Amino acid sequence: MPRRRPGRVRAEQWQRHPLTHRVTITGLSAPARAEVARVERSRNFLWPGVTADSLRLWKEFVRQPYRKLWSEYENGSCGIWECCGNPFEAREFLDAVVHGMSRRRARELRLLVDRLDDSY
């Protein structure tokens, strides 16, 4: 049986890079989403998808009527980010991502975050 060339084997395989993560934040342009993904990959305290999760968590917290009474322990939170999340830690992650982006692209994300901050 003849051997297939390595280039042909690689071409037939469909592989996704493990660090590639599609950022799904509505209201951001494609270049801004690409820069968010770049910042998430380049910082050692961030991980792929943290910006979308942080924005969702901050939005849920700001829109709930009893947000002034929020306490991590009263809400049954375990303190683990992946499980329950902390909205104030999520807000800090959003600040870190905004500061890591270029001014032009950060303006788009800052606009989304500032709208939520105004309602808080």
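Which helices each supply at least two residues of the lining of the largest pocket? In this predicted model, the helices that do so are H3, spanning residues 50-63, and H5, spanning residues 103-119. Of the two, H3 provides the largest share of the lining, with 5 residues. The pocket itself has a volume of about 200 Å³, and its lining is made up of Thr24, Ile25, Thr26, Ala52, Leu55, Arg56, Lys59, Glu60, Leu112, Arg115 and Leu116.

The largest nonpolar core comprises 22 residues, among which Leu28, Leu55, Val97, Met101 and Leu109 touch the most other members. At least two residues of this core are supplied by each of H2, H3, H4 and H5, and the largest share, 6 residues, comes from H3. In soluble globular proteins, nonpolar side chains tend to be buried together. Leu55, one of the core residues with the most contacts to other members, is also among the residues that line the largest pocket. Val97, another of these core residues, is in contact with Val36, Val39, Leu46, Thr51 and Leu109 once its neighbours within four places in sequence are left aside.

Two arginines, placed in separate helices, were examined individually. Arginine 91 lies in helix H4, which covers residues 87-100, and it counts as buried because its relative accessibility is 16%, under the 20% limit. The side chain of arginine 91 is joined to that of aspartate 117 by a polar contact of 2.5 Å.

When residues up to four places away in sequence are not counted, arginine 38 touches Gly100 and Met101. Although arginine 38 and glycine 100 are 62 residues apart in sequence, their C-alpha atoms are 9.3 Å apart in space. Met101, the other residue touched by arginine 38, is itself one of the core residues that touch the most other members.

Note on methods:
Residues numbered from 1 in each chain as written. Predicted model: local features only at pLDDT ≥ 70, side-chain atom pairs only at ≥ 80, totals over all residues. Heavy atoms only, no water. 1 Å grid on protein atoms, 1.4 Å probe; cavity = no way out; pocket = protein on both sides within 12 Å on 5 of 7 lines; lining within 4 Å. Points joined across faces, edges and corners; volume = space filled by probe spheres on them. Helix = DSSP H or I, 4+ residues; strand = E, 2+ residues; numbered from the N terminus. Contact = heavy atoms within 4.5 Å. Buried < 20%, exposed > 50% of the residue type's maximum accessible area, 1.4 Å probe, protein only. Polar contact = N/O pair within 3.5 Å; in protein donor to acceptor, adjacent residues only side chain to side chain. Core = buried A, V, L, I, M, F, W, Y, C linked by side-chain atoms within 4.5 Å.
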